[in-house]
Amino acid sequence: MFFIIGLELKTGFNMVFICGLHLISEVRVKIGRSHGIEDKRSRHCPYLDTINRSVLDFDFEKLCSISLSHINVYACLICGKYFQGRGQKSHAYIHSVQFTHHVFLNLHTLKFYCLPDNYKIIDSSLEDITYVLKPTFTKQHIAGLDKHGKLYRAYDGTTYLPGIVGLNNIKANDYANVVLQALSNVPPLRNYFLEEDNYCKIRRPPGDIMFLLVQRFGELMRKLWNPRNFKAHVSPHEMLQAVVLCSKKTFQITTQGDAVDFLSWFLNALHGALGGTKKKTSIVTKAFQGSMRIFSKKLPHPDLPAEEKEALLLKDEYQEKMSESTFLYLTLDLPTAPLYKDEKEQLIIPQVPLFNILAKFNGNNEKEYKTYKENFLKRFQLTKLPPYLIFCIKRFTKNNFFVEKNPTIVNFPITNVDLREYLTEEAQATEKFTTYNLVANVVHDGKPTEGSYRIHVLHHGTGKWYELQDLQVIDILPQMITLSEAYIQIWKRQDKDEGAESHTGA
């Protein structure tokens with residue numbers, strides 16, 4: 001081989017000479033590897049200073065930008081684009097030759113390679129890139145998340161609090177963003193998903209796609225709480241693609257949805273994907289599930305004569321029946337908003353105290369529920385309170401023609417909401433802690449179909465409140481939270497002799 005190379009060089013065919021050297025280099029590498037010798041270039045790659053961390057974004061689906069395949073995908077660390085393979089005819093190889101971009105990262109194995117030379121790069125300076133792609137948390141790190149409010153500096157120079165991080169609104173997904181941000185600030189749920197070992201061994205039936213929700217939610221949670229981010233916001237692109245797929249397009253990225261509908265579906269889907277059933281618990285039910293008694297009484301048709309109604313009410317079918325039921329959230333009904341204006345011709349925005357609408361669960365207040373054929377009177381009483389209690393305030397009523405929004409403002413204290421009076425007598429005797437503090441408040445602004453969402457979140461480490469709306473993150477006074485059109489609230493139970501001071505933002 002050496003004789004041929006020398007001969008071709010004398011005749012001026014330098015390209016053949018170069019190719020021959022490259023071939024010899026490859027042979028040496030293979031011989032070295034077979035003898036356990038590390039390729040020296042792996043630790044002395046001359047192209048590491050060409051890496052551009054400011055263009056790296058691992059939040060999007062791991063697809064080759066040319067073949068759209070998700071198999072064996074590499075990220076070019078110079079331009080940030082994704083390409084498939086690294087063999088001589090692969091898209092990554094061709095890209096490296098065409099644009100002289102040489103450093104690539106395998107998005108699955110987290111190994112770095114230099115192309116077109118095709119050798120593995122081993123360098124500790126690249127560890128920050130693999131951490132951004134796949135953040136990991138130790139038990140000690142997780143245990144300290146709520147004990148301090150340290151600001152971290154992203155690679156782009158911005159400072160941020162892990163967990164209080166903006167989410168991209170790709171087109172019309174703010175309804176999902178606020179729910180994901182709310183859930184990411186529920187410590188037991190967050191801690192469970194920050195540690196992948198908690199759920200990576202859960203087995204699902206062959207062909208079942210729902211576990212994708214668990215994986216993507218875990219990845220999103222780790223990115224939101226990553227103290228070493230390159231930027232101070234996260235794109236929920238992969239999480240939302242899993243939502244579209246697993247909900248069979250019920251929830252979309254491009255069409256505005258309802259945050260309560262999404263919350264209800266997501267919690268139940270997550271519970272099922274984690275192997276939970278009606279009898280088997282999951283982290284979802286451990287955090288949010290309470291129980292209640294439902295007293296239901298069938299009503300005669302209102303058009304019937306009085307004598308027939310009285311006769312029907314004596315039958316067993318029309319006697320009140322009691323059933324036990326679990327819940328992941330409580331729906332609170334708003335009083336009908338008045339349609340009149342005041343003297344200055346300004347629309348009146350009605351207000352109602354939180355405890356007025358909580359009276360639905362005192363065991364005495366009855367409400368009529370109509371179905372297509374039958375009417376029922378129902379009353380409710382709580383039997384068990386969860387560690388984290390979710391309220392969904394019913395602002396929207398739908399009919400065949402349009403959706404109407406009730407703008408009533410709910411007046412509520414941010415701390416020390418005691419729910420003991422809504423428990424049955426037996427439960428009052430056994431439930432030791434019944435007082436709650438607000439930790440998240442989802443707000444809907446604007447018209448029913450054209451409105452937008454934002455969220456108020458308590459940072460447990462600092463005791464301060466923040467308002468998040470897509471990428472915008474600002475601090476907010478607790479007094480301002482109660483002036484908004486609250487739609488979803490998450491309350492944390494005081495399970496010890498916790499003071500309310502850390503929750504007031506004072």
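The model is predicted.

**The helix pair**

Two packed helices are described by the angle between their axes and the distance between the axes. Helix α8 (residues 211-224) packs with helix α9 (residues 237-246) at an angle of about 160°, and their axes lie 9 Å apart. Angles over 145 degrees count as roughly antiparallel, so α8 is roughly antiparallel to α9. The crossing of α8 past α9 is left-handed.

Which residues of α8 and α9 make the contact? From α8 come L212, L213, R216, F217, E219, L220 and K223. From α9 come E238, M239, A242, V243, L245 and C246. By class, this contact of α8 with α9 has 9 nonpolar and 4 charged residues, with no polar ones.

**The sheet**

An open sheet has 5 strands in the order β2-β1-β3-β4-β5, paired antiparallel. β2 and β5 stand at the edges. Each has a single partner strand, so one side of each has no neighbour in the sheet. From one strand to the next, the twist averages 40°.

Here are the strands with their residues.

| Strand | Residues |
|---|---|
| β1 | residues 73-76 |
| β2 | residues 82-84 |
| β3 | residues 103-106 |
| β4 | residues 112-114 |
| β5 | residues 119-121 |

β4 and β5 pair in the antiparallel sense over 3 bridges. F112 stands opposite I121 in β5.

A helix also joins the picture. Helix α3 (residues 91-99) packs on the sheet and touches β1, β2 and β3. The direction of α3 makes about 120° with that of β2.

How values were computed
Residues numbered from 1 in each chain as written. Predicted model: local features only at pLDDT ≥ 70, side-chain atom pairs only at ≥ 80, totals over all residues. Heavy atoms only, no water. Axes fitted to C-alpha atoms, helices over the stretch in contact; angles between N-to-C directions. Helix = DSSP H or I, 4+ residues; strand = E, 2+ residues; numbered from the N terminus. Parallel < 35°, antiparallel > 145°, perpendicular 65-115°, else oblique. Left-handed = near helix turned anticlockwise from the far one by under 90°. Contact = heavy atoms within 4.5 Å. Nonpolar A, V, L, I, M, F, W, Y, C, P; charged D, E, K, R; others polar. Pairing = 2+ DSSP bridges.
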